[in-house]
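Me: Hi! Could you walk me through this one? I'd like to talk about salt bridges and the overall build.

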Amino acid sequence: MRIGIFLVGALFPGQTSGEVLRNTVETVVAAERAGFDDAWLAEHHFMSYGVIPSAVTLAGVALGRTSRIRVGTAVSVLSTRHPVALAEEAAILHHTSGGRFELGVGRGGPWVDLEVFGTGLPRFERGFAESLDLLGAALTRESVSADGEFFRFREVPMTPSPPGLRPVVACTSDETADLAAARGLPMLLGMHVGDDEKAAMLARYHDRALTGCSPPRAETADHVGAAVGFVADTTEDAVAELKRAMPRWLRPGLAGYVPVDGRPRAARDVDAYVDLLCRIHPVGSPEHCVRVMRETLRTTGLTRLILLVEGAGDHRRTLENVARLGREVLPHVSGA
């Protein structure tokens with residue numbers, strides 16, 4: 001059992017991006033002190049939803065400030081990155097941290113990032129499998145070459161030496177889950193779905209992996225499930241606090257998703273979304289959080305959870321939340 005924190009670098013009104021970045025690193029340090037196993041950093045571009053444009057870079061800062069906790073990216077957006085360059089950066093962090101770095105990658109979305117970084121909509125729509133396979137090769141082989149639709153280059157040696165990492169793949173669709181299953185790569189399941197949806201995705205993965213991998217690796221995949229984690233004296237207090245705070249971040253933050261091709265984007269009912277998050281995740285008294293997390297583990301079979309801890313929008317409160325989760329919740333879940 002491994003329990004970590006999940007940080008998006010949320011920019012609440014009245015904060016500066018530099019302040020948020022510094023606080024994010026301090027939260028990782030606090031999580032190590034509180035007994036968490038992992039800290040995962042999200043990557044977003046050109047929006048207040050998250051002000052970490054390079055999760056790998058900030059992971060390096062956090063690894064340099066800590067000594068035990070593992071630090072990962074949740075996720076590095078592969079549709080706007082060159083897979084070999086990302087593998088090189090992962091190798092640096094792996095070797096310099098004593099193996100404490102974890103790499104999570106995702107397809108991303110049809111956002112303006114694709115235009116700004118020049119990779120274009122085709123990389124998002126049909127290039128993810130090729131990018132993922134090239135990344136896997138660069139993470140595990142002494143040399144790589146490419147002759148595909150999106151990448152073509154002669155054989156080159158990988159330096160530093162490849163770290164041998166298996167990337168975690170963010171899966172929000174059956175298509176991406178099937179792709180991860182065929183390669184035996186672990187999934188990262190988002191906080192926007194509950195236990196039943198996570199369990200269904202894991203069951204689908206298991207079925208596909210048994211037939212798609214040689215040898216089958218379904219039983220060894222180390223999947224990660226994301227959730228909101230917030231503790232207060234009572235469940236009513238915790239829910240009320242997040243319902244007051246989170247919409248102030250989510251309304252302008254979610255509006256920052258700009259499609260690159262002008263396609264319509266469905267608007268999310270922010271208040272309803274916050275209500276959902278508070279109902280399906282460990283948001284409440286310590287006893288309530290323990291019950292919800294145990295039920296998630298029982299229902300899904302997951303062995304790794306990561307908790308979004310910054311929902312109150314106040315750094316002092318975030319540090320208090322991390323410390324209290326570590327003191328009053330983790331010992332009763334990890335030892336269950």
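Me: Let's start with Glu328: what is its relative accessibility, and how does it count?
Reply: Glu328 has 23% relative accessibility, so it counts as partly exposed. Buried means under 20% relative accessible area, exposed over 50%, and partly exposed in between (1.4 Å probe, protein chains only). Before we go on, this is a predicted model: local features need pLDDT of at least 70, side-chain atom pairs count only at pLDDT 80 or more, and totals for chains, interfaces and linings use all residues. Residues are numbered from 1 along each chain as its sequence is written, and side-chain values use heavy atoms, with hydrogens and water left out.

Me: Which side chain does Glu328 meet in a salt bridge?
Reply: That would be Arg324, at 2.9 Å from N to O. A salt bridge here is a side-chain nitrogen of Lys or Arg within 4 Å of a carboxyl oxygen of Asp or Glu.

Me: And how far apart are Glu328 and Arg324 in helix α12?
Reply: They are 4 residues apart in helix α12 (residues 315-328), so about one helical turn separates them. Helices (H or I, at least four residues) and strands (E, at least two) are DSSP runs, numbered from the N terminus. Arg324 itself is buried, with a relative accessible area of 17%.

Me: How many salt bridges does a search of the whole structure find?
Reply: It finds 27. One of them joins Asp174 and Arg204, whose closest N and O atoms are 3.6 Å apart. That pair links distant parts of the chain, 30 residues apart: Asp174 is in helix α7 (residues 174-183) and Arg204 in helix α8 (residues 195-212).

Me: What about Asp222, which partner does its side chain meet?
Reply: Arg304, in a salt bridge of 3.5 Å, N to O.

Me: Is Arg304 buried or exposed?
Reply: Arg304 counts as buried, at 5% relative accessibility, while Asp222 is partly exposed at 29%. Both belong to a network of salt bridges that also links Arg2, Asp38, Arg70 and Glu102.

Me: Switching topic: how many helices and strands are there?
Reply: The protein has 13 helices and 14 strands. Its radius of gyration is 19 Å, close to the 20 Å that the globule rule gives for 336 residues, so it is as compact as a globular protein of that length. That radius is taken over C-alpha atoms, and the rule is 2.2 Å times the number of residues to the power 0.38.
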